[in-house]
Amino acid sequence: MRGMQRIGVIGAGAWGTALAMAAGRAGREVVLWAREPEVVEGVNADHENRPFLPGVALDPAIRATGDLEEAAAVDALLLVTPAQHLRAACRALAPVLDGAVPAVICAKGIELDTGCLMTDAAQAELPDNPLAVLSGPTFAAEVAAGLPTAVTLACADAAVGRTLVEALGGRSLRPYLSDDLVGAQVGGAVKNVLAIACGVVEGRRLGDNARAALITRGLAEIARLGLALGARAETLMGLSGLGDLTLTCSSLQSRNMSLGAALGQGRRLAEVLGERRSVAEGVYTARAVVELAGQRGVDMPICQAVDAILNHGADLDSVIEALLTRPFRTEGF
């Protein structure tokens, strides 16, 4: 499309690399910024991101760079950093990014230090740039392989949103346009915390019934927090809410669910994290979600249980017992 031909991707982890592949398939010229020199070299010389997406052959047209100014000289920018580093990335981009360039937030989380959603953190550093959010049920390896995937693309400016959909969408990546930026973010953040809980269910062999119940009651927690923050219910029941929750809580491909499974098997958090190069966002988001929910008077017992295990040294069996002995209540949000 005219005006959206050159796409920059900030962050060359598995998800950033997969989105670079998707943008390339859509006919865009793609530049991928990586912090690690070995990633830049591997993408450019061998067309592979071995540290983060091994075994996936990348489009030779994708060019990697470690120069932030070069990566920012684009028509649209995808921000695919870990959630807790998004603000710093936007601050570094501010001097080199044209204020008219749309910035698409592809990170899922809540800022730990401030309780901010990602759009609030980005806007504080990039006040002039149009913001959008891309979220939904996405495993990076499947997107990179070109398997069918649907996502929410939320943007307050309908014209900018439509242009981004046309620029990024294709046969395998199907963006659905929304103007509910809050709703598109809440589901993606909270589902990572709930996926850790589902992993514990898997690791403790508590059964599929328990996992289904946790997903359903977890969705109620997402809805309660989302509605308190001004999200629309239909967004929370869509791709960026129910869709992402279902995927992340149903497969050990999920970094958060696999981490929870390891905890359920009795392993220590520090040990599991020490083995990984990629980020399990739910570890950081759990405390931020619980603090934000407390400020808003929102009851989120599953997220509180995960936070207790991760951040307060709570005994796993005691936490499970506390959830199973809560007073009975009427079903609903």
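Helices here are DSSP runs (H or I) of at least four residues, numbered from the N terminus. The model is predicted. The UniProt record, an unreviewed entry, marks a "binding site" at seven listed positions: Trp 15, Arg 35, Lys 108, Ala 140, Arg 255, Val 279 and Glu 281. The lining of the largest pocket takes in Trp 15, Arg 35, Lys 108, Ala 140, Arg 255, Val 279 and Glu 281 from this set.

**Arg 255**
- Arg 255 sits in helix 12, which spans residues 255-264.
- Its relative accessibility is 39%. Arg 255 therefore counts as partly exposed, since that class lies between 20% and 50%.
- Beyond neighbours within four places in sequence, Arg 255 contacts Arg 276, Ser 278, Val 279 and Ala 280.
- One of these partners, Val 279, is also on the UniProt "binding site" list.

**Ala 140**
- Ala 140 belongs to helix 6, residues 140-144.
- Ala 140 has a relative accessible area of 15%, so this residue is buried; the cut-off is under 20%.
- Setting aside residues up to four places away in sequence, Ala 140 touches Ala 14, Trp 15 and Ala 18.

**Annotated domain**
- UniProt (unreviewed entry) assigns residues 180-320 to "domain: Glycerol-3-phosphate dehydrogenase NAD-dependent C-terminal".
- That span is 75% helix and 0% strand.
- The end C-alpha atoms of residues 180-320 are 34 Å apart.

Notes:
Residues are numbered from 1 along each chain as its sequence is written. This is a predicted model: local features need pLDDT of at least 70, side-chain atom pairs count only at pLDDT 80 or more; totals for chains, interfaces and linings use all residues. Side-chain values use heavy atoms; hydrogens and water are left out. UniProt positions are given in the numbering used here, feature names are shortened, and annotations may be inferred rather than shown by experiment. On a 1 Å grid over the protein atoms alone, a cavity is a set of points where a 1.4 Å probe fits but cannot get out, and a pocket is an open set with protein on both sides within 12 Å along at least five of seven lines; lining residues have an atom within 4 Å of a point. Helices (H or I, at least four residues) and strands (E, at least two) are DSSP runs, numbered from the N terminus. Buried means under 20% relative accessible area, exposed over 50%, partly exposed in between (1.4 Å probe, protein chains only). Contact means heavy atoms within 4.5 Å.
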